[in-house]
Amino acid sequence: MSNPQQLRYSKEHEWLSSAEDGVSTVGITEHAANALGDVVYVQLPEVGDTVTAGETCGELESTKSVSDLYSPVTGEVVAANQDVVDDPSLVNSAPFEGGWLFKVKVTDEPGDLLSADEYTDFAS
Amino acid sequence: MSNAPRLTSLDALHRSLGATMTDFAGWDMPLRYGSERDEHNAVRTRAGLFDLSHMGEITVTGPEAMKALNYALVGNIATIGLGRARYTMICQEDGGIVDDLIVYRLGETEAPEYLVVANAGNAQIVLDAITERAAGFDAEVRDDRDAYALIAVQGPESPGILKSVTDADLDGLKYYAGLPGTVAGVPALIARTGYTGEDGFELFVAPEHAERLWRALTEAGQDAGLVPCGLSCRDTLRLEAGMPLYGHELTTALTPFDAGLGRVVKFEKDGDFVGRKALEAAAEKAEANPPRKLVGLIAEGRRVPRAGFSVVAGGEVVGEVTSGAPSPTLGKPIAIAYVDAAHAAPGTEGVGIDIRGTHEAYEVVALPFYKRQK
């Protein structure tokens with residue numbers, strides 16, 4: 001599996017797109033999706049919620065387990081992906097694309113986000 | 001003893017297939033190869049191939065093998081016909097369930113031989129208990145865990161697949177029966193048993209023959225859509241089929257009567273057996289004062305119940321989930337739970353499960369969730 005170069009990554013296995021008009025997209029990595037197995041339920045933060053870097057903001061449930069969703073950055077949620085709520089398998093089939101989770105207007109980001117290569121090393 | 005997990009004889013093959021492995025009862029076992037939902041659905045509609053070599057085999061032979069097992073276990077071993085199998089249990093003196101077992105009768109009356117198959121996590125305890133309980137009988141108890149690999153082929157296409165690699169009379173092999181034969185050129189005990197709710201077979205073979213058998217079945221099943229399957233889908237398959245799992249629905253704190261499986265206890269059999277006295281009391285108590293009942297619960301929402309979650313009604317805890325998972329067949333989360341008799345009737349209103357602080361509504365149903373069309 002390969003982690004897109006243009007994204008940055010958290011150690012909780014979320015990815016973050018570069019900001020457009022201050023808004024970044026957040027999802028979980030393919031590595032995380034594979035580790036979870038078939039995702040069957042996704043609970044996302046709601047539009048207008050404030051999320052904080054490193055804190056939980058939702059949950060992902062698979063056949064065998066439930067995992068907290070952590071926000072990689074601090075900011076205000078401006079969109080949540082209703083498609084993954086309706087069809088959580090998108091997280092497995094397209095974690096970096098159609099399986100994105102939410103969009104956030106970033107007010108602060110931690111300094112320890114990883115590059116694609118750093119994350120690839122971290123997750124291996 | 002080393003803490004390193006034990007490897008089955010198919011370990012290298014699983015890794016070459018890209019399996020996600022998991023530690024299960026001290027064994028490194030395939031959890032899934034790809035999507036566990038796809039594996040589950042393959043077994044329901046086509047066929048799946050499982051490595052179950054972690055299961056614990058114990059052979060009991062000798063003139064009094066039957067008597068020894070009748071004393072050690074709660075079932076009536078005397079009534080198992082040659083080539084037949086029986087689901088039974090081994091209990092403590094106090095009636096608590098040590099394990100659930102399948103006993104295969106392999107030998108003629110002149111040369112008695114029984115194969116006892118225990119859960120991996122209990123294999124040593126069961127072996128020790130049977131050995132101790134058989135001490136007063138003219139019988140020999142043998143640890144055969146290393147003598148067998150166990151491969152299961154399960155699903156509606158499994159008879160056709162197996163037929164293409166054996167001359168054994170599969171049509172004559174009934175559910176819960178086993179016969180010795182040759183499969184893909186290797187000697188095997190062919191049993192029509194399983195833990196999926198589907199028709200299927202379990203093949204006990206020498207470990208050195210396991211890979212050859214696995215490859216032959218993979219090839220034979222290719223056109224029928226057979227896929228390798230891990231323990232994750234085995235769990236959702238058995239859960240849908242309402243089959244109990246040791247450590248979840250069955251524990252030493254429960255008697256077979258508590259688990260709604262009092263029928264496996266055969267008081268009418270000859271002679272004493274370990275737990276008889278306590279189990280007679282448990283049977284009476286269950287009759288007079290029904291304990292919590294094992295029921296099925298189907299979610300109205302999408303959050304998944306897990307073992308240990310509380311079943312609630314009217315703000316009170318009325319039971320506990322023993323197993324829960326998203327059901328691929330029903331498309332909804334399901335659970336098996338012990339629930340107070342007052343809330344255990346199918347259709348009881350107002351029952352929910354406490355999922356991390358939120359009471360999610362659940363429908364009470366009778367088990368199983370899924371029954372195959374015959």
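The model is predicted, and local features are given only where pLDDT is at least 70, side-chain atom pairs count only at pLDDT 80 or more, and totals for chains, interfaces and linings use all residues. Residues are numbered from 1 along each chain as its sequence is written, while chains are lettered from A and ligands numbered from 1 in the order in which they are written. Helices (H or I, at least four residues) and strands (E, at least two) are DSSP runs, numbered from the N terminus.

**Chains and domains**

- Where chain A meets chain B, 8 residues of chain A are in contact with 11 residues of chain B; two residues are in contact if their C-beta atoms, placed from the backbone, lie within 7 Å.
- The side of chain A that touches chain B is made of 3 nonpolar, 2 polar and 3 charged residues, where Ala, Val, Leu, Ile, Met, Phe, Trp, Tyr, Cys and Pro count as nonpolar, Asp, Glu, Lys and Arg as charged, and the others, Gly among them, as polar.
- Chain B is assigned a domain 1 (6-53 + 148-240) and a domain 2 (292-368), with bounds that come from an automatic or database domain assignment.
- The C-alpha centres of domain 1 and domain 2 of chain B are 31 Å apart, and 9 residues of domain 1 of chain B are in contact with 8 residues of domain 2 of chain B.
- On the side of domain 1 of chain B that touches domain 2 of chain B, helices α2 (36-45) and α7 of chain B each supply at least two residues, and the residues of that side divide into 1 nonpolar, 4 polar and 4 charged.

- Strand β16 (residues 310-313) of chain B pairs in the antiparallel sense with strand β19 (residues 351-355) of chain B over 3 bridges, and the bridge partner of Ala313(B) in β19(B) is Val351(B).
- β16(B) is also joined to β17(B), in an antiparallel arrangement, by 4 bridges, and here Val312(B) has Val317(B) as its bridge partner.
- β16(B) and β17(B) form a hairpin with 2 residues between them, and Gly314(B) in the turn has a positive phi of about 55°.
- In a regular strand the side chains alternate between the two faces of the sheet.
- The covered face of β16(B) has Val311(B) and Ala313(B), whereas the uncovered face has Ser310(B) and Val312(B).

**The open sheet in chain B**

- Three strands form an open sheet of mixed pairing in the order β1-β3-β2 of chain B, and the edge strands, each pairing on one side only, are β1 (6-7) and β2 (20-24) of chain B.
- β1(B) pairs with strand β3 (residues 27-32) of chain B in the parallel sense over 2 bridges, and Arg6(B) stands opposite Trp27(B) in β3(B).
- α7(B) packs on this sheet, touching β2 and β3 of chain B, and its direction makes about 70° with that of β3(B).

**Two residues of chain B**

- Glu198(B) lies in the loop between β12 (186-191) and β13 (200-205) of chain B, and Glu198(B) is buried because 21 other C-beta atoms lie within 10 Å; a residue is buried if 20 or more other C-beta atoms lie within 10 Å of its own, exposed if 12 or fewer, and partly exposed in between, with C-beta atoms placed from the backbone.
- The C-alpha atoms of Glu198(B) and Val43(B) are separated by 7.5 Å, although the two residues are 155 residues apart along the chain.
- Arg238(B) is found in helix α7 of chain B, and Arg238(B) is partly exposed because 19 other C-beta atoms lie within 10 Å.
- Leaving aside neighbours within four places in sequence, Arg238(B) is in contact with Tyr195(B), Thr196(B), Met243(B) and Leu245(B).

Key: Pairing = 2+ DSSP bridges. Axes fitted to C-alpha atoms, helices over the stretch in contact; angles between N-to-C directions.
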